[in-house]
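Me: I would like to learn how to read the cross-links and charged pairs of a structure. Could we go through them one at a time?

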Amino acid sequence: MKKLPVVLILLLATLDVVPMLAQSPKYPPLSEYTMARDAEIALAKSAAPDYVSDHATIKVFTASGFQTVHEGGNGFVCVVMRGFTGAPTFTPVQVRDYINYDAKTRAPICLDPQAARAVLPYYELRTKLGLEGKTAEQIAQGVEAAYAKGEIPKRTEVSFAYMWSADQILGPAGHWHPHMMVYLPYYENAMLGNNDPGSHLPAIGDDAGTPFAVGTIPVDDKLARKVGP
């Protein structure tokens, strides 16, 4: 998740994060991750066009994980990912170990019906483990074990999610192009042409070669959606 992503979090690899990682990482207070419910709902809905998000299920972040505040009817689910929600599970490790603890990340995403079934439980597990204070490595181990045991769904199909919000905060990288997230189990970046994940081209940014591989397809910047009407 880079981005988160989330989210093209691989952009953070260009930042000077090594000194920060040399310190023992700690989670900031929970209050730094929370936001007003109405504001979070509006931000979550900004991830996708109105014709999608107006009919989607909306979940908000709480001290016990994501909770449903609106039941939709189109199979989509919109949430605002935090750092530990959308950080890569395995690679790139340097980026994972930094973004995992970032309390400023606000990554609105609307998952299509297939991703809501196959990917959302993974994001919810990452969030649960983060709230328990697990380290980035412990979260990776927990996700890997849960996947092997069938406690979270196997990823056997391609699925998609919208990340079109103009108000996304992907760690220190801030806003990036509106884009589609594509969940491509076991894909390597070479399979998409070895495009630079920081470019305006399709690329694999997170967890390449694993069941959790995530691709991004940037779209026209004019499609970025502001919070509100």
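Me: Does D167 count as buried, partly exposed or exposed, and what is the relative accessibility behind that label?

Reply: This is a predicted model, in which local features need pLDDT of at least 70 and side-chain atom pairs count only at pLDDT 80 or more, while totals for chains, interfaces and linings use all residues. Residues are numbered from 1 along each chain as its sequence is written, and side-chain values use heavy atoms, with hydrogens and water left out. Buried means under 20% relative accessible area, exposed means over 50%, and partly exposed lies in between (1.4 Å probe, protein chains only). At 24% relative accessibility, D167 therefore counts as partly exposed.

Me: Which residue does D167 pair with in a salt bridge, and where do the two partners lie?

Reply: A salt bridge is a side-chain nitrogen of Lys or Arg within 4 Å of a carboxyl oxygen of Asp or Glu. D167 pairs with K226, and their closest N and O atoms are 3.1 Å apart. K226 lies in the segment after strand 8 and D167 in the loop between strand 5 (159-163) and strand 6 (179-183), so the pair ties together parts that are 59 residues apart in sequence; helices (H or I, at least four residues) and strands (E, at least two) are DSSP runs, numbered from the N terminus. K226 itself is exposed, with a relative accessible area of 54%.

Me: How many salt bridges does a search of the whole structure find?

Reply: The search finds nine. Among them is the bridge between D50 and R225, whose closest N and O atoms are 2.3 Å apart. This pair links distant parts of the chain, with D50 in helix 3 (residues 50-53) and R225 in the segment after strand 8 (214-218), 175 residues apart. D50 is partly exposed at 42% relative accessible area, whereas R225, at 15%, counts as buried. Another salt bridge joins the side chains of E132 and K128 (2.7 Å, N to O), and R96, D97 and E137 are linked in a network of salt bridges.

Me: Which cysteines does a disulfide join here, and what is the S to S distance?

Reply: A disulfide is a covalent bond between the sulfur atoms of two cysteines. The rule applied asks for a pair of cysteine sulfur atoms within 2.5 Å, and the count comes to one disulfide. That disulfide joins C78 to C110, with an S to S distance of 1.9 Å. C78 lies in strand 3 (residues 77-81) and C110 in strand 4 (residues 107-111), so the pair ties together parts that are 32 residues apart in sequence.

Me: Why is the disulfide of C78 and C110 given its handedness?

Reply: The torsion about the S-S bond is about 105°, so the disulfide is right-handed. Both C78 and C110 are buried.
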